[in-house]
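Hi,

Here is the structure I promised to pass on.

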Amino acid sequence: MKQHLVATALSVSLGTAPAFADDRKHLLATPPVTAQDMISVSPALAKYTDNTVIGDLWKRPGLTPRDRSVITVAALIARNQTVEFAHYFNLALDNGVKPSELSEIITHLAFYSGWANATAAVAVAKDVFAARGIGPDQLPEASPSLLALDEQKDAPRRSTVEQTVAPTSPGVAQFTNDLLFKDVWLRPGLAPRDRSLITVTSLIANGQVAQVTYHLNRAMDNGLEAAEASEMLTQVAFYAGWPNVFSALPVVKDVIEKRPS
């Protein structure tokens, strides 16, 4: 009886309807892991999934369900965890992430976790979009009108890149200053806070703590609250592992403590 209850809970985990998994899974690039798969291999993992991840983590009040979806999708793409893409892309859309925003998350993370990770996400997202009737009219333009750049505020970052990066790799410096921060970061399809949130998440998920100080400060400048940054770590721990979060904790603590009150 307990196994049946766990299987049922997992099949509808986080609001995904069993009918979608049954009717559409043949369309998806990576077949999902079913509740019975999990129980047959690791009953304990099934228990923790049901009781802790579904029953506790996703219900915590520190972040909205939409933010938890944004963070989780970013962590999965950053780590190229394709087996979970379909479920969590669908959940993100159910939790209020717009198709255009999911599209922009994939684009943005091409720069922060690599092109192949983004194209792996495309391979799954295209079928999720098709199954939900999401068409080109719901996606962002390839070349939209960009948000305004605060040249004065951006000047120190640009100067740092020119001084520390350009002498070793002029190409990296050029693309960083002229493409990444004067184009990608200014695309209007994601709020600046969301771009910062997925960037920080991807850095922590891949253990790239050296870049967290700058991007977490940028995230908080863009509206991320200290309590939300704290809860982000809790969410990421389950989707990128405790070691990556523990490595980032001292950096996050330092940023928060040094922020103006």
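Arg158 is partly exposed, since its relative accessible area comes out at 25%. You'll find Arg158 in helix H9, which covers residues 151–164. Setting aside residues up to four places away in sequence, Arg158 touches Asn177, Asp178 and Lys182. There is also a C-alpha distance to look at here: Arg158 and Gln174 sit 16 residues apart along the chain, and their C-alpha atoms are separated by 9.9 Å. Bear in mind throughout that this is a predicted model.

Next, the aromatic rings. A search through the whole structure gives nine aromatic pairs. In one of them, the ring centres of Tyr112 and Trp185 are 6.4 Å apart and the planes stand at 90 degrees, so this pair is edge-to-face. The two partners come from distant parts of the chain, 73 residues apart: Tyr112 belongs to helix H7 (residues 99–113), while Trp185 lies in the loop between helix H10 (170–180) and helix H11 (192–205). Both Tyr112 and Trp185 are buried. Trp185 has another pairing as well, with Phe181; that one is stacked, at 5.9 Å from centre to centre and 0 degrees between the planes. Phe181 is buried too, like Trp185. Put together, ring pairs join Tyr112, Phe181, Trp185 and Tyr214 into a cluster.

Now for a pair of helices. How do H5 and H13 cross? The axes of H5 (residues 65–79) and H13 (residues 226–240) come within 10 Å and cross at roughly 45 degrees. The two helices are therefore oblique to each other, and H5 passes H13 in a right-handed crossing. On the H5 side, the contact is made by Asp67, Arg68, Ile71, Thr72, Ala75, Leu76 and Arg79. H13 brings in Glu228, Glu231, Met232, Gln235, Val236, Tyr239 and Ala240. Sorted by class, the contact of H5 with H13 has seven nonpolar, two polar and five charged residues.

If you follow the chain on from there, Asn80 is in the loop between H5 and H6. With 33% relative accessibility, Asn80 counts as partly exposed.

Asn80 also turns up among the contacts of Asn117, which touches Ile77, Ala78, Arg79 and Asn80 once its neighbours within four places in sequence are left aside. Asn117 itself is in helix H8 (residues 115–131). Is Asn117 buried or exposed? Asn117 is buried, because its relative accessible area is 12%, and the cut-off for buried is under 20%.

Last, helix H6, which runs over residues 85–94. Nine of its 10 residues are buried, so H6 is largely enclosed by the rest of the structure. The buried ones are Phe85, Ala86, His87, Tyr88, Phe89, Asn90, Leu91, Ala92 and Leu93. After H6 comes Gly96, and its phi is positive as well, near 105 degrees.

That's everything from my side, so over to you.

Best wishes

Definitions and conventions
Residues are numbered from 1 along each chain as its sequence is written. This is a predicted model: local features need pLDDT of at least 70, side-chain atom pairs count only at pLDDT 80 or more; totals for chains, interfaces and linings use all residues. Side-chain values use heavy atoms; hydrogens and water are left out. Axes are lines fitted to C-alpha atoms, for helices over the stretch in contact, and angles run from 0 to 180 degrees between N-to-C directions. Helices (H or I, at least four residues) and strands (E, at least two) are DSSP runs, numbered from the N terminus. Angles under 35 degrees count as roughly parallel, over 145 as roughly antiparallel, 65 to 115 as roughly perpendicular and the rest as oblique. A crossing is left-handed if the near helix is turned anticlockwise from the far one by less than a right angle, and right-handed if clockwise. Contact means heavy atoms within 4.5 Å. Ala, Val, Leu, Ile, Met, Phe, Trp, Tyr, Cys and Pro count as nonpolar, Asp, Glu, Lys and Arg as charged, and the others, Gly among them, as polar. Buried means under 20% relative accessible area, exposed over 50%, partly exposed in between (1.4 Å probe, protein chains only). Rings of Phe, Tyr and Trp (its six-membered ring) pair if their centres lie within 6.5 Å; planes under 30 degrees apart count as stacked, over 60 as edge-to-face and the rest as tilted.
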